Amino acid sequence: MTTWCDAATAVQAVSSGDRVFIHGACMTPGPLIDALVARGDELFDVELTHLHTYGPVAYTDEKWRGHFSTRALFVGENMRQAANNGRASYTPVFLSDIPALFEPSGSLPIDVAFIQVSPPDSHGYCSLGASVDVALAATSHARVVVALINPRAPRTHGSGFVHISTIDYAVEWDGPLYEVMRRRPDEVQLQIGRHVASLIEDGATLQLGIGAIPDAVLQAISDHRALGVHTEMFSDGILDLVERGVITGEKKIIDRDKIVASFVVGSRRLLDFIDDNPTVEMRPADYTNNTATIRQFERMATINSALQVDLTGQVCAESIGTRFYSGVGGQMDFMRGAALAKRGRPIIALPATARVPRGNELSAAVLDTLPGLLKPIDNVASRIVPILTPGAAVTTSRAHVHYVVTEYGVAALHGRDLAERARSLISIAAPQFREELERAAYNLHLLN
């Protein structure tokens, strides 16, 4: 039986020692989090677990040590400081694996789930809206479900329905969802987009993320035809192509004519687009990110980002050296799925350089000890590197990487030996670093 109450009453469902799941992305239930933190003094050893969320994360404050702990399954921007200062832990895990962790027999069973949903329809069904991903599994397996019922939450088609009878505590709230605004791609990103577009065929099915590079790719494929979308997430960038008839889904092998994702992040325009739109299906991450699903799409093109790529093709996308930056997410799920698909194109796309804040440069002593590291030039560092920065995580192995794209071109690595890989990657590095990269490749015996 559902109890309708205020947030302060609803969060009384949490007891010391509980593990609490927090719904993420645009659906982050801020009022429930605030009410729980207000109870902090009376709770002990409560673990909060989630993917990326938006809004304040007061529960990571040092004052709550012993009261709240945080297990981040993906390190979003609002969690980086806490993760890097030891006030939150990070669990590296494929997104497709997380739903099984929440099962009663899994390693992370959920006691209480905090979610945000649309109001129940005439049949009693609420919608998880813009974030079904792992929230559906958490809601299905939690001992207690606490829901923020918000009329501004989109009601989405697909698998994200939750019947009101399965919600233990319901809190009515009429407030805005978190929005993320687009940034206009710069010329470097537009050039990367054009190179990526050259790898995408008409009739391809796309997986893209959020940010300027995915948006640049979408701009560059505006003259393509009959494209489909099967992705972990999408943002506003696809809307113009849907309206222009470029994205139709008509060539998809499964879920034909449908845009399929596990969550979306973007503006109110995007949230309105997915609201009661039968062409969009929101599905759980163990479906969208399952390699057995992804490999069924002919011409599957996956575009993922990276922080660094070394000269053998290893990809780091989740840390800057030892410092946490993001997470494993779904990169490997889609890279492998696309590699197995007929005429699939697994693509890593990144700018060739990154600006290094003054004072963050590696010391000369470290550079001398590890000659595979490159010294920045004019506070600009190469993202194509001889070796990954010590402590950096290998998000995607070199055996899984097929294409690496920068503004300087495309490096095709699949089936290439280490020398061929090194030469190809050096050719798409920023020109001012190529000589030093080649010298390092000889020192590392990649070239002889």
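The model described here is a predicted one. Helix 6 itself covers residues 187-197, and its buried residues are Q189, L190, I192, G193, H195, V196 and A197. An α-helix has 3.6 residues a turn, so residues three or four places apart point the same way. At the start of helix 6, the backbone nitrogen of V188 has a side-chain oxygen of D186 within 3.2 Å.

V196 also belongs to the largest nonpolar core, which has 70 residues. V196 is listed there with F102, I167, I200, L206 and F234 as the residues with the most contacts inside that core. Leaving aside neighbours within four places in sequence, F234 is in contact with I259, A261, F263, V264, V265, L270, I274 and V280. Another core, of 34 residues, lies apart from this one and includes A13, V14, V57 and V75. In soluble globular proteins, nonpolar side chains tend to be buried together.

Y90 is part of strand 5 (residues 89-90). Is Y90 buried or exposed? Its relative accessibility is 14%, and because buried means under 20%, Y90 counts as buried. F324 is 234 residues from Y90 along the chain, yet their C-alpha atoms are separated by 8.3 Å.

The side chain of Y90 also has polar partners. One is the side chain of E318, at 2.8 Å. Another is the backbone nitrogen of V328, which lies 3.1 Å from a polar atom of the Y90 side chain.

Notes:
Residues numbered from 1 in each chain as written. Predicted model: local features only at pLDDT ≥ 70, side-chain atom pairs only at ≥ 80, totals over all residues. Heavy atoms only, no water. Buried < 20%, exposed > 50% of the residue type's maximum accessible area, 1.4 Å probe, protein only. Helix = DSSP H or I, 4+ residues; strand = E, 2+ residues; numbered from the N terminus. Polar contact = N/O pair within 3.5 Å; in protein donor to acceptor, adjacent residues only side chain to side chain. Core = buried A, V, L, I, M, F, W, Y, C linked by side-chain atoms within 4.5 Å. Contact = heavy atoms within 4.5 Å.
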